[in-house]
Amino acid sequence: MQYLNENDPEWDRHDGGSGHSAPPWAVADGDLALGYLTGLRAQGSDSARRIFDHLIEHPGARIGSAELFEGVLGRPAAEFTPPRIAGVISAMCKPLDGTGRRYPFTWWEQGAGEGAMYGVRPSVAAIFLAARLRLDGATDSL
């Protein structure tokens, strides 16, 4: 696994297109991050939630599609195709509505048939990890 530090220029050489045209996530966005996580859980895509959790638990790591498919989702390598992961990743975009922020993750295309590499900048991971603690704490007290 390759790790990028917070200021690595590679974060700006992504293939995220217009999904990165909104303002970046900032420390003051804890409530927006909480809303994003709530939306991600509410939409019922356990696969999307698990992948996003894995990405924020590995801040700065660039993780390949196949690794996410096999290691995080527990699916057999023989079933891997880049569109299968891309479909799960697209579910991670839906909760962004109303946040006014860019994708909380970044991706970089790999070679044909390999899919993409995905990662979350360390500062963004910290915002979402803190929001997840708030959300889980609220859930535990209900």
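The model is predicted, so local features are reported only at a pLDDT of at least 70 and side-chain atom pairs only at pLDDT 80 or more, whereas totals for chains, interfaces and linings use all residues. Residues are numbered from 1 along each chain as its sequence is written, and side-chain values use heavy atoms, with hydrogens and water left out.

The sheet comes first. Helices (H or I, at least four residues) and strands (E, at least two) are DSSP runs, numbered from the N terminus. Four strands form an open sheet in the order S1-S2-S4-S3, with antiparallel pairing; two strands pair if DSSP finds at least two bridges between them. S1 and strand S3 (106–109) are the edge strands, each of which pairs on one side only.

Each pairing can be followed across the sheet. Strand S1 (residues 2–3) is joined to S2 by two bridges, and the two run antiparallel; here Tyr 3 stands opposite Ala 61 in S2. Two bridges also join S2 to strand S4 (residues 116–119), again in antiparallel fashion, and Ile 63 has Tyr 118 of S4 as its bridge partner. Between S3 and S4, which run antiparallel, there are four bridges. Thr 106 stands opposite Gly 119 in S4, while Glu 109 has Ala 116 of S4 as its bridge partner. S3 and S4 form a hairpin with six residues between them, and Gly 113 in the turn has a positive phi of about 80°.

Which way do the residues of strand S2 (residues 61–64) point? Ala 61 and Ile 63 point one way, Arg 62 and Gly 64 point the other way, and all are buried. Buried means under 20% relative accessible area, exposed means over 50%, and partly exposed lies in between (1.4 Å probe, protein chains only).

The helices may be considered next. In H3, the buried residues are Ser 65, Leu 68, Phe 69 and Val 72. Seen down the axis of H3, these buried residues fall within an arc of 115°, so they line one face of the helix; the arc is that of the directions from the helix axis to the C-beta atoms. What covers the buried residues of H3 includes H2, S2, H4 and S4. Just after H3, Gly 74 takes a positive phi of about 70°.

Helix H4 (residues 82–91) has Ile 85, Val 88, Ile 89 and Ala 91 buried. Because the buried residues of H4 fall within an arc of 150° when seen down the helix axis, they line one face of the helix. They pack against helix H1 (30–42), helix H2 (46–57), helix H3 (65–72) and S4, where contact means heavy atoms within 4.5 Å.

Two packed helices are described by the angle between their axes and the distance between the axes. Axes are lines fitted to C-alpha atoms, for helices over the stretch in contact, and angles run from 0 to 180 degrees between N-to-C directions. The axes of H2 and H4 come within 8 Å and cross at roughly 85°. H2 and H4 are therefore roughly perpendicular to each other; angles under 35 degrees count as roughly parallel, over 145 as roughly antiparallel, 65 to 115 as roughly perpendicular and the rest as oblique. In this contact, Ser 47, Ala 48 and Ile 51 of H2 meet Ile 85, Val 88, Ile 89 and Ala 91 of H4. By class, the contact of H2 with H4 has six nonpolar, one polar and no charged residues. Ala, Val, Leu, Ile, Met, Phe, Trp, Tyr, Cys and Pro count as nonpolar, Asp, Glu, Lys and Arg as charged, and the others, Gly among them, as polar.

The axes of H1 and H2 come within 8 Å and cross at roughly 145°. Tyr 36, Leu 37, Leu 40 and Arg 41 of H1 make this contact with Ala 48, Arg 49 and Phe 52 of H2. The residues of the contact of H1 with H2 divide into five nonpolar, no polar and two charged.

Two single residues complete the account. Gly 111 lies in the loop between S3 and S4, and because its relative accessibility is 33%, Gly 111 counts as partly exposed.
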